[in-house]
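I opened my notebook to look up how the parts of this structure hold on to one another, and what space is left between them.

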Number of protein chains: 2
Amino acid sequence: MDSLTSPLHPKLSQMAHALRFLAADAVEKAQSGHPGMPLGMADLASVLFTRHLKYDATAPHWPDRDRFVLSNGHGSMLLYGLLYLTGYETATLDELKRFRQAHSRAAGHPEHGYMAGIETTTGPLGQGIATAVGMALAERLLNAEFGDDVVDHRTWVFCGDGCLMEGISQEAISLAGHLKLARLTVIFDDNGTTIDGSTSIATSDDQRKRFEASNWATIAVDGHDAQAIDKALAAARASDRPTLIAARTQIGFGAPTKVGQSVVHGAPLGATELAGMREKLSWPYPAFETPAELLAAWREAGRRGSATRGMWETRHAALTADRRAEFDRRQSGVLPDGLEAAVAAAITELTANPEAIPIRQGSQKAVGILAKHLPELVGGSADLTGSVLSKPAEMAGLDKTSFTGRHIPYGVREHGMAAALNGLALHGGFLPYGGTYLTFSDYCRPAIRLAALMGIKVVFLFSHDSIGVGEDGPTHQPIEHLASLRAMPGLRVYRPADQVEALECWYDAIAGKGPSVMIVARQKVPQARLALREDMPVRRGAYVISAADGERDLTLLATGSEVSLAIAAQKLLEGKGLKAAVVSMPCWETFELESAHYRREVLGEAPLFAVEAASPFGWHRYVGDDRRIIGIDQFGFSGPGPQVYEEFGLTPAKIAQRVADNI
Amino acid sequence: MDSLTSPLHPKLSQMAHALRFLAADAVEKAQSGHPGMPLGMADLASVLFTRHLKYDATAPHWPDRDRFVLSNGHGSMLLYGLLYLTGYETATLDELKRFRQAHSRAAGHPEHGYMAGIETTTGPLGQGIATAVGMALAERLLNAEFGDDVVDHRTWVFCGDGCLMEGISQEAISLAGHLKLARLTVIFDDNGTTIDGSTSIATSDDQRKRFEASNWATIAVDGHDAQAIDKALAAARASDRPTLIAARTQIGFGAPTKVGQSVVHGAPLGATELAGMREKLSWPYPAFETPAELLAAWREAGRRGSATRGMWETRHAALTADRRAEFDRRQSGVLPDGLEAAVAAAITELTANPEAIPIRQGSQKAVGILAKHLPELVGGSADLTGSVLSKPAEMAGLDKTSFTGRHIPYGVREHGMAAALNGLALHGGFLPYGGTYLTFSDYCRPAIRLAALMGIKVVFLFSHDSIGVGEDGPTHQPIEHLASLRAMPGLRVYRPADQVEALECWYDAIAGKGPSVMIVARQKVPQARLALREDMPVRRGAYVISAADGERDLTLLATGSEVSLAIAAQKLLEGKGLKAAVVSMPCWETFELESAHYRREVLGEAPLFAVEAASPFGWHRYVGDDRRIIGIDQFGFSGPGPQVYEEFGLTPAKIAQRVADNI
């Protein structure tokens, strides 16, 4: 934002000290926290926030602001200090004084939504840098749609050795370099220290060389030399590639005896050390007091972007009414008018034209229908586009030179993809999804958890969802994944039974709040939903898809590809004189939000049986008796899918027999 | 093994074609599988298996053999072809003809234990290379103990672009480079192709530069030039660092029209293409037929190592009786005599001297006791040694120059660590464990799953196991992790309640079969086990730790840090006139293997309540009524641990009230 010809703030080093003492004092008061990183990165943060970061603390949600991501989230006090000093309304001094106390906005790690200016939740290492790649990608994609006038910003990341040792950072770096996300800058806190001691205990990497191998520009800098930092940040802004700034710093800078040691990473300095630091840095002020002059300078820095934002508002206002409305709708996350009607019409058509197709193909159709109405839908896959069927014909593949096209080839980088999806959602303007096999949801899990924690709208698409995968064998046949995803708070887990349910699930996923997981079978199944249901019953989580012929003797609960098996078993049970109702249960979490009355109505009073080609774990919630849970409590094996199903007792005949034997 | 002065086998290219046709014919017959990689890597495999790999097909478990890992496991037919041609007994032609059929040893992906010579299960990309790092580390550690005479071998890995795009590969590469595992060679199938098409769609990495940044030697080679391959493999053997051989190959080499295209990756060639390939490579033989001369040449190659093995047997026999017995015991995985007695004595002592300490510290004590008797115990942590308390004083830290010391600093590489633990176990001679926080078990999950699938003995140690983590907040507070691990087949999940249970759990984990997860609380808890129980009741999975005073009115089921809460609640319930028994349930999986009689005896007939500071998911198995599961069905928050416990209703008073309200 600022030109290099204007001088640095004359009090800049003092301003950095203000950050340092806020951090050290808050950790000391809490008797818990991580002072080392804020002390070490305060100079870097000061130059960035007073000179280069485009933001306006009075308008934290300004769409064209730069994004700042603290990937080394344990240094949260650095961020809280910055937000307070620059004048973010929710970052009050009182909150900082309650650092790490129950329900403080200044939580142990930065939690998205707690304070404006926390662009993403961080703490699990490596997630921030990978999420930032999604933000930087979002910026380019949105820019391609709406132009430089309204979309023209950057993404800045602070990270430490820990983030760079995590494998996800490699996926992120490699993807960003490939896509040439030039507006992404990573500032590496190269302090030579981790929790266990010197980094030399565990790593010998040449980080610059590593980033260069992935097409990044790199700069080494003394992280305590403001002029040099300023020059490096300016160079990053001018680069045509993403940039790594490896900033040599001292962890715990200013702490008289603990500086440079791992002991300063994650524990309060202690009264004596902190007093010594006040002396050493000539800081006579009491805890939490920032001298008025320095606070004023920081507050001025926090409003640096106001004029820029004013010009942006003017350009935004100058958009045609349609374009402006669409831009604003996209930012707000409101779905376009007419979408629900279009979905309803498609459901009518799909119901009237039943097809036996793989459920993944039903999912692809659903995405195609949605994509026609939702320019914000951004898809992708981890090198399994044609297998997951993540890309409908209605969605063009990304052209990385123009950032047109909306299906992203994430490469074989499931974890990086999942975090990038989070970044796309957090940036605003997009409704992201990305696909891989269900068994590889394990690779994505840390990022899925962050999406659930933040409550952001992302759809994680997982195909090849059971032993139906067949020949690829047990490594590729999910067993415990449904249960392990259902166990996660804040996540809706969908498993549609056919193309109609697929569309309803997809619509429910994007019309609802928070993240969801869309789990679809690889194999072909008969259409289960043959009667038109205008109420989209999937949206209630479970419903009777095939009623008993008269009063029920039992109820079969099933999900996904097993719904049509259950319907076939229902017919066989009739021959055994047993009247079964079949309940399709595509989303437990939604069902649990329904009234007790509705749940009772669906589940009935008759004995319940569950049928799912997966671990029985969790099904006891609905079915008390082990013998009535028809699942798979072991790993699968390689063989043709139908044969594997047969051997695990998941055929209509075997299901019917098992039911008859155990009712 | 062979010197460069001896010529390559004159029929080597024909021998490679034999591999190619076995692979292509098997995939064709199965109408399922991945021909592209075997066709592309056959020349590399032929040079490796006829010239450099130290092995004896007639003695596949020879401890001093080289390990070969097919990280790109979808190319399984290459490995099966090699094992058949070189003469491994379990790799029969009949099995190859039943490739990908139910219960064939020639499964879709290589499954450890199905055929001798499959050193590890692969398929999930990146796992093989990271597992191989553990094997190469095991070799050096064992060498440091037993010397060059009996431990002197190498680890060879085949991998593709997919493996190298996975983040775990970076963790593996970085760790191997840091440890200078010079006997590790990775041969990269640089064919420029992935499932979605050209690698240029998704990656621009300079792999050689990337490996060099992590201290590897690198060599580029034409993967179809046997002389050049031979030279590169020899150079790798001479290197003082781990070596990457980037071998430029053509995917689907020999396929007349599909060569070089992604279509050849994962589908049968088709009859016409296969016939064309026979013509192009002048291979007039019918499917599955290898000309006698070539088969004989391969079989000879498979016995190349016999003389070397003979000399090894001589050296092994020359060890002193004690050393030989210990070497053999370590290889066989049998625990040493006297261990159980030592554990029993320690339990007596711990019971007699109760301490209120963090359970992680109880775990550390347990490991210390075991380490004194188990030289094969190899620990480590992902940069959280002092937090997880993974390193007892009895275990020295690794000295990477001498490979003495048995606690490995894995760095901030949880996933790489977990896979390396698998490699250490697979190699033989070691009983590995490694620690991080429970919330980061998500990062390890794909490797934990492989351990469970293979049934290998690894202990994954996870501390900081609940909201008791406190101030670090929801990213660091596990909620769903216990459930998601319990849902995984083949894995024992332990959650001990105090130092006595910690030792019993640790002993059960290492005395039993297969992998386990050891989950320990960060916070201090009172000792729950105060009466001496010589039967180590933890080994039955659950037991009455505190009986009701008379006939039970109810039973409290609890695990880990909540056992002492339940015991305190039991006392409060007495005041309310309710007689409760408290059952400690440290391992569900073991409990489920007990007799129905024992389970009934423990669980009793009275109403059951569960108390666990984690998701209720899964508890319905024991407790039918939601209101009786006292758990946490949402994410936690940052604040002092006791306060977070209080707010979630997990105090003795609140538990007692909840019980009284719902009985």
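Because A:Asp43 belongs to helix 2 (residues 36–52) of chain A and A:Arg20 to helix 1 (residues 12–30) of chain A, the pair ties together parts that are 23 residues apart in sequence. I took helices as DSSP runs of H or I with at least four residues, numbered from the N terminus.

Because the model is predicted, local features need pLDDT of at least 70 and side-chain atom pairs count only at pLDDT 80 or more, while totals for chains, interfaces and linings use all residues; side-chain values use heavy atoms, without hydrogens and water.

**Where the chains meet**

Next I looked up the interface, where 93 residues of chain B are in contact with 94 residues of chain A (heavy atoms within 4.5 Å). The buried area, which is the accessible area (1.4 Å probe) that the two parts lose on being put together, summed over both, is about 7,900 Å², and carbon and sulfur atoms give 56% of that. On the side of chain B, the residues losing the most area to chain A are B:Tyr443, B:Arg449 and B:Phe617, together 10% of what that side buries.

The rule finds eight salt bridges across this interface, and in one of them A:Glu480 is joined to B:Arg449, the closest N and O atoms being 2.7 Å apart.

Several helices of chain B give two or more residues to the side that touches chain A, including helix 7 (167–179) and helix 18 (441–454). Helix 18 of chain B gives the most, with eight residues.

**What lines the largest cavity?**

A:His415, A:Tyr443, B:Glu171, B:His415 and B:Tyr443 are the closest to its centre among the 14 lining residues. Helix 7 and helix 18 of chain A, together with helix 7 and helix 18 of chain B, each supply at least two residues of this lining.

How values were computed
Residues numbered from 1 in each chain as written. Chains lettered and ligands numbered in written order. Salt bridge = Lys/Arg side-chain N within 4 Å of Asp/Glu carboxyl O. 1 Å grid on protein atoms, 1.4 Å probe; cavity = no way out; pocket = protein on both sides within 12 Å on 5 of 7 lines; lining within 4 Å.
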